[in-house]
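Hi,

Here is the structure I promised to pass on. Have a look at it first, and then read on for what turned up when I went through it.

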Amino acid sequence: MLRTLATTGLCALAAACTGTVDAQPPAPSAAGTHGAAPMTEQIERLAGMGLPADPTVAPKGVDPKIWASTLPADNQPSAARIELGKKLYFDTRLSADNTVSCATCHDTTRTFTDRRPTSEGIGGQVGRRNAPTTMNAMLLHSQFWDGRAATVDDQALLPIINSVEMGHKTGDDAVAAIKDDPEYQKLFQDAYGRAPNYQDVGKAIGTFERTLVFLDAPFDAWLAGDAKAISDDAKAGFVLFNGKGRCMTCHPFNGSNPLGSDGRFHNIGVSARHQNFTDLAKKALDILAKDGSEATMDELALGGDTSELGRFIVSRIESDIGGFRTPQLRNIAITAPYMHDGSMQTLWDVMDHYNRGGEANPYLDGGIEPLNLSEAEIDQLVAFMVTLTDKRFADQNQQDLDAQRAHAKDNRPFREEDLASRRRLLFEKKGK
Ligand code: HEC
Ligand code: HEC
């Protein structure tokens with residue numbers, strides 16, 4: 001039997017995490033560093049989830065051709081590669097001060113994220129972006145909010161050498177920290193037939209991540225014909241999702257897009273609240289002209305205000321300013337807070353943002369317009385999104401939904417009915 005996945009802390013809604021993105025994260029608990037559960041506890045929790053899923057076979061509901069296309073030719077999955085990747089995922093030696101592993105920010109007891117607005121890395125440094133879950137990430141068209149890495153294999157190599165995350169100076173430094181461990185020598189040999197090296201670190205972690213498949217939700221049971229799998233409100237919400245809400249234009253659900261993401265980049269007006277884009281874009285271009293490497297892009301994305309430029313840092317196309325890759329909506333109710341900067345606490349905040357037509361800025365996507373949704377319709381859209389959580393997290397899904405609903409009762413900072421109904425337009429000042 002699968003164990004119950006109880007909530008270990010709903011940071012998103014805890015007093016310490018409310019307010020702006022600059023809010024202080026909770027103090028690291030004595031039990032684990034940077035607020036994460038201890039690695040032994042995390043590994044135990046993972047063992048109760050019925051994994052690994054066999055990555056050589058397409059998961060239910062995913063087109064086998066699509067799945068095959070996510071497996072790199074030079075890194076086909078094997079049991080040895082999964083085992084090596086799993087050990088690396090939980091190993092704090094991959095950080096310069098030995099306090100941070102992948103699982104610190106993608107914690108198996110916290111739905112494979114950290115439940116903070118933005119993440120804390122070595123030395124207590126807080127980055128500028130929200131940590132997405134590693135659940136199902138292998139199926140995304142690209143990795144990171146701005147798509148700056150192509151696959152989970154490529155992605156895994158960047159946090160290890162990012163100065164605010166795991167802080168090793170180079171990949172070789174990270175390898176040096178583990179290469180004398182006889183267990184690793186054997187695991188690398190079994191997995192890739194050679195001694196520990198940095199490229200294989202990424203490949204092995206990517207292979208492990210390909211086992212983190214969480215696609216068995218009530219929504220899927222309903223699509224498969226079980227009429228009782230979701231509520232009438234959720235069904236009405238799905239109609240709104242595809243119609244009046246216009247959500248499916250960017251969040252499609254089908255065999256090719258099982259996660260509810262078109263894999264494209266859109267400015268929906270989240271960062272517009274904070275920044276002067278033109279000055280920031282000039283600053284980023286100056287830095288990239290001197291050094292356009294992946295590592296520099298990674299620092300620009302996490303290290304400062306340039307983070308808000310989004311896809312522009314990667315593409316250097318003006319219309320990509322403030323654009324972010326459409327995130328997956330799978331397991332969305334249990335992975336708050338929301339958006340690239342973790343600035344929204346509940347799904348009601350997200351709905352209020354869309355209902356008012358986002359936030360005005362020159363690069364706002366044409367698909368974002370006032371929606372004129374009623375409160376009842378907003379509740380239905382939330383009810384639909386809650387059906388996207390994997391059944392293994394059913395208890396936590398209910399707990400998080402209850403907590404979000406309670407929080408939203410008195411906290412709706414993005415709600416603007418005048419904008420939603422076009423009584424006032426985005427560029428008009430309040431009170432006119
Ligand atoms: C200090 C916290 C932290 C650590 C440590 C960390 N991550 Fe992340 N992770 C993040 C943040 C924040 C993002 C989003 C950054 C961005 O998009 O610019 C992210 C993004 C990702 C993504 C992309 C998911 C998506 O939806 O695009 C994957 C996959 C991932 N991390 C896996 C890993 C792996 C594997 C490791 C270990 C090698 C790791 N992370 C270490 C915080 C962390
Ligand atoms: C024009 C494309 C577009 C449309 C239309 C759209 N979204 Fe999004 N959605 C995005 C992008 C891009 C983000 C991330 C934006 C950011 O972080 O700056 C996002 C973020 C989200 C998030 C937060 C995900 C997370 O992990 O933080 C949710 C929930 C969401 N959208 C639901 C919806 C719903 C419901 C609708 C319809 C009412 C909708 N979206 C319409 C593109 C879109």
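A cis peptide bond joins A336 to P337, with omega at about -5 degrees. Before you go further, please keep in mind that this is a predicted model.

**The two ligands**

Around ligand 1 there are 27 residues, and those that come nearest are C102, C105, P132, F144 and W145. Of the elements, α5 gives the most, with five residues. By class, the shell of ligand 1 has 17 nonpolar, eight polar and two charged residues.

Ligand 2 has 25 residues around it, with C247, C250, V270, Y338 and H340 coming nearest. Here helix α14 (residues 347-355) gives the most, with three residues. The shell of ligand 2 splits into 15 nonpolar, eight polar and two charged residues.

**Helix α14 and what follows**

Is α14 mostly covered or mostly open? Mostly covered: nine of its nine residues are buried. They are L347, W348, D349, V350, M351, D352, H353, Y354 and N355, and they pack against α15, α16 (394-410) and α17 (417-420). Just after the helix, G357 takes a positive phi of about 85 degrees.

Further along, N372 sits in the loop between α14 and α15. Its phi is also positive, near 55 degrees, although N372 is a residue other than glycine. N372 is partly exposed, because 15 other C-beta atoms lie within 10 Å.

In soluble globular proteins, nonpolar side chains tend to be buried together. In this model the largest nonpolar core has 99 residues, and I205, I313, M351, V382 and M385 touch the most other members. Helix α15 (residues 375-386) gives the most to this core, with seven residues. If you click on M385 and leave aside its neighbours within four places in sequence, you'll find it in contact with L329, I332, A333 and L347.

**A pair of crossing helices**

The axes of helix α3 (residues 79-89) and helix α8 (residues 198-209) come within 7 Å and cross at roughly 100 degrees. That angle is why α3 counts as roughly perpendicular to α8. On the α3 side, the contact is made by R81, I82, L84, G85, K86, L88 and Y89; on the α8 side, by V201, A204, I205, G206, T207 and F208. By class, this contact has eight nonpolar, three polar and two charged residues.

**Two more residues to look at**

N136 lies in the loop between α4 and α5. It has a positive phi of about 65 degrees although it is not a glycine. N136 is buried, because 23 other C-beta atoms lie within 10 Å.

P59 is in the loop between α1 (39-47) and α2 (64-69). With 19 other C-beta atoms within 10 Å, P59 is partly exposed. Setting aside its neighbours within four places in sequence, P59 is in contact with A53, W67, V213 and L215. The C-alpha atoms of P59 and N276 are separated by 43 Å, and the two residues are 217 apart along the chain.

Happy browsing!

How values were computed
Residues are numbered from 1 along each chain as its sequence is written. Chains are lettered from A and ligands numbered from 1 in the order in which they are written. This is a predicted model: local features need pLDDT of at least 70, side-chain atom pairs count only at pLDDT 80 or more; totals for chains, interfaces and linings use all residues. A residue is near a molecule or strand if its C-beta atom, placed from the backbone, lies within 6 Å of it. Helices (H or I, at least four residues) and strands (E, at least two) are DSSP runs, numbered from the N terminus. Ala, Val, Leu, Ile, Met, Phe, Trp, Tyr, Cys and Pro count as nonpolar, Asp, Glu, Lys and Arg as charged, and the others, Gly among them, as polar. A nonpolar core is a set of buried Ala, Val, Leu, Ile, Met, Phe, Trp, Tyr and Cys residues joined through C-beta atoms within 7 Å. A residue is buried if 20 or more other C-beta atoms lie within 10 Å of its own, exposed if 12 or fewer, and partly exposed in between; C-beta atoms are placed from the backbone. Two residues are in contact if their C-beta atoms, placed from the backbone, lie within 7 Å. Axes are lines fitted to C-alpha atoms, for helices over the stretch in contact, and angles run from 0 to 180 degrees between N-to-C directions. Angles under 35 degrees count as roughly parallel, over 145 as roughly antiparallel, 65 to 115 as roughly perpendicular and the rest as oblique.
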